[in-house]
Amino acid sequence: MNLGLSAYKYPGTVFFGKSSQSGEVTKKQMPRCCCSCHECQELDIQSSSVYPLNVLSNFTRSYFKVDGVMVSSMEGFLQSLKTPNVEEQKEVCGLIGFTAKKIGSQIGQKRGFDGRTLYWQGKAIERCSKEYQELLKKAFLAKYESDYEFRDALACTKGRKLVHSIGKQDPKETILTGEEFVSILTALRDRELEAHDCRCRDYYWTHPNYHHHTKSCKCPP
């Protein structure tokens with residue numbers, strides 16, 4: 001279910017949103033601190049929060065492909081990086097939320113995962129390397145381009161600082177630090193909002209919640 005910007009305009013009202021744990025539609029209430037009045041400048045992304053923050057969680061069901069591999073959630077993709085086994089990695093990519101995290105932890109324990117080396121399609125990648133950062137950005141960009149609900153939710157946070165308070169900050173202790181997570185999301189959000197002014201991406205002007213595109217727009221098709 002796509003809520004777009006509409007659910008974010010009415011704090012304190014009950015609306016339907018997508019559960020980040022099961023991917024199912026759930027009923028939530030928008031608290032006053034998550035309204036668009038900018039009284040609260042920080043938005044803390046958590047799977048148990050309300051729209052749009054729950055949709056931005058890595059636990060949320062989201063279908064996209066990375067290098068031809070089908071992924072069902074960002075958490076599934078991240079946890080799959082712990083195994084060098086290509087077939088096992090594909091299976092983990094298809095998992096969602098807490099299930100993905102649980103299976104990923106079991107794989108890590110079984111293989112003696114030390115947090116220093118990760119794997120993608122059979123290739124070893126150092127955790128603290130530019131190559132790994134590029135892989136993370138590629139995955140999030142693939143999700144952004146494939147999941148319109150995720151794009152809409154991210155657009156709802158315009159002008160606000162994203163944080164992930166429950167995320168670990170030491171790269172040796174996690175496959176994605178809170179800082180890496182919010183930095184990538186912020187870069188995607190701000191880049192695309194600015195880029196819209198010059199090229200009017202299709203998912204903006206064809207979406208019912210966006211009315212920026214006009215016949216007088218001189219952006220290339």
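**Salt bridges in a predicted model**

Visitor: How many salt bridges are there by this rule?
Guide: The count comes to nine salt bridges, a salt bridge being a side-chain nitrogen of Lys or Arg within 4 Å of a carboxyl oxygen of Asp or Glu. This is a predicted model, in which local features need pLDDT of at least 70, side-chain atom pairs count only at pLDDT 80 or more, and totals for chains, interfaces and linings use all residues. Residues are numbered from 1 along each chain as its sequence is written, and side-chain values use heavy atoms, with hydrogens and water left out.

Visitor: Why would such side chains pair?
Guide: Side chains of opposite charge can pair when their charged atoms come close.

Visitor: Which residue pairs with Asp190?
Guide: Arg189 does, with the closest N and O atoms 2.8 Å apart.

Visitor: Is Arg189 buried or exposed?
Guide: Arg189 is buried, at 5% relative accessible area; buried means under 20%, exposed over 50%, and partly exposed in between, with a 1.4 Å probe and protein chains only. Asp190, at 30%, is partly exposed.

Visitor: Turning to Glu131, what does its side chain meet?
Guide: Glu131 forms a salt bridge with Lys123, at 2.7 Å from N to O. Glu131 is partly exposed at 37% relative accessibility, and Lys123 is partly exposed at 47%.

Visitor: Where do Glu87 and Lys90 lie?
Guide: Both are in helix α3 (residues 86-93), three residues apart, about one turn of the helix.

Visitor: Which residues are linked in a network?
Guide: Salt bridges link Glu88, Lys110 and Arg111 in a network.

Conventions. Helix = DSSP H or I, 4+ residues; strand = E, 2+ residues; numbered from the N terminus.
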